[in-house]
Amino acid sequence: MEAPPSPKVARPVMYHRWSWITFIHWRCPPSVLQSMLPSGLTVETFDGSAWVGLTPFLMQGVRAPGLPAVPWLSAFPETNVRTYVQDQWGRQGIWFLSLDAARMPAVLAARLGYRLPYHWSAMTVRIDGKDVAYRCERRWPGPRPLRCDAEVRLGPPLREPDRDELAHFLTARFRLFTVIAGKLATAVVEHPAWPLRHAELLRLDQNLSTGAGLPPPAGDPLLHASLGVPVRVGSWHRLERS
């Protein structure tokens with residue numbers, strides 16, 4: 001099954017590469033997540049369940065148009081806790097419950113400029129062959145101590161029969177939502193289809209999800225992984241029909 005096509009971002013405000021990403025997902029009651037959303041957004045379900053994603057990865061090549069990537073500022077780990085929503089016109093997207101990043105300037109810019117719930121954390125991504133280890137310990141702002149230690153082993157690429165509707169539901173997301181000045185806002189990202197791989201969870205010790213107000217995860221998580229994609233990020237706009 002082919003992934004939904006990416007929208008085009010003609011005038012990006014930022015360029016990124018999202019590398020060495022692992023998508024760790026588990027089911028969650030829709031009513032729990034709906035209670036955490038602002039008016040105007042509805043939690044999406046698949047097979048009767050809403051889904052929470054824990055997605056650690058390595059941000060690379062972060063730069064504005066016309067500017068070079070600055071080595072220290074342009075590459076850093078990030079981990080987000082998210083769920084999947086749609087607006088009143090049925091446009092699908094992501095609602096972030098928390099985001100942790102290892103660069104304070106990026107955290108401050110995202111918190112002040114876009115009102116995204118970013119946190120500054122001590123973080124590493126270590127790659128050893130097919131094994132990837134993610135470490136995150138929150139520094140600011142609280143609550144503390146919150147952390148995420150995850151170790152995964154990358155498997156073979158997903159074959160076409162494995163690229164099912166659920167895999168695309170959880171990973172093929174090209175729109176973000178936030179609230180700016182009390183109003184819903186949205187931004188679109190453009191990137192190629194994720195080259196998804198199987199992944200095995202070797203270790204997971206985290207409380208980022210409960211720190212974001214969610215109940216403890218129930219059941220075994222569902223994993224996908226990818227070596228990454230280049231990303232073009234569009235500007236934020238007030239929520240309205242496009």
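Student: Where does S209 lie?

Tutor: S209 lies in helix α5, residues 208-211; helices are DSSP runs of H or I with at least four residues, strands are runs of E with at least two, and both are numbered from the N terminus. Please keep in mind that this is a predicted model, in which local features need pLDDT of at least 70 and side-chain atom pairs count only at pLDDT 80 or more, while totals for chains, interfaces and linings use all residues. Residues are numbered from 1 along each chain as its sequence is written, and side-chain values use heavy atoms, with hydrogens and water left out.

Student: Why is S209 called buried?

Tutor: The label buried is given under 20% relative accessible area, exposed over 50%, and partly exposed in between, using a 1.4 Å probe and protein chains only. S209 has a relative accessible area of 0%, so it counts as buried.

Student: Which residues does S209 touch, not counting residues up to four places away in sequence?

Tutor: S209 touches W26, V81, L214 and P217 on that count, where contact means heavy atoms within 4.5 Å. The side chains of S209 and Q206 are also joined by a polar contact of 2.9 Å; the term stands for a pair of N or O atoms within 3.5 Å, where within protein one must be able to donate a hydrogen and the other to accept it, and residues adjacent in sequence count only if both atoms are side-chain atoms.

Student: What makes H224 buried?

Tutor: Its relative accessibility is 7%, so H224 in turn counts as buried. Leaving aside neighbours within four places in sequence, the contacts of H224 include T22, F23, L158 and A199.

Student: How many aromatic pairs are there?

Tutor: The count comes to six aromatic pairs. Rings of Phe, Tyr and Trp (its six-membered ring) pair if their centres lie within 6.5 Å; planes under 30 degrees apart count as stacked, over 60 as edge-to-face and the rest as tilted.

Student: Why is the pair of F46 and F169 called tilted?

Tutor: The ring centres of F46 and F169 are 5.5 Å apart and the planes stand at 50°, so the pair is tilted. F46 lies in the loop between β2 (41-43) and β3 (50-63) and F169 in helix α4 (residues 165-171), so this pair ties together parts that are 123 residues apart in sequence.

Student: Then why is the pair of Y84 and F169 called edge-to-face?

Tutor: For Y84 and F169 the centres are 6.0 Å apart and the planes are at 65°, so the label is edge-to-face. Y84 belongs to strand β4 (residues 76-87) and is 85 residues from F169.

Student: How do you know that Y84 is buried, and that F169 is buried?

Tutor: Y84 has a relative accessible area of 0%, so it is buried, and F169 has 10% relative accessibility, so F169 counts as buried too.

Student: Where does the charged end of R173 sit?

Tutor: The charged end of R173 sits over the ring of F169, 4.6 Å from its centre; the rule asks for NZ of Lys or CZ of Arg within 6 Å of the ring centre and within 35 degrees of the ring normal. In another such case, R139 lies over the face of W120, 4.7 Å from the ring centre.

Student: In which sense do β4 and β5 pair?

Tutor: They pair in the antiparallel sense over nine bridges, and two strands pair if DSSP finds at least two bridges between them. R82 has F96 in β5 as its bridge partner. β5 also pairs with strand β9 (residues 175-180), in the parallel sense over two bridges.

Student: Why is R115 called partly exposed, and A181 exposed?

Tutor: R115 has a relative accessible area of 47%, so it is partly exposed, whereas A181, at 74% relative accessibility, counts as exposed. R115 has a positive phi of about 55° although it is not a glycine, and phi of A181 is near 55°, also positive in a residue other than glycine. Most residues other than glycine have a negative phi, and most peptide bonds are trans.

Student: What kind of peptide bond joins W140 and P141?

Tutor: A cis peptide bond joins them, with omega of about -20°. P141 lies in the loop between β7 (131-140) and β8 (147-157).
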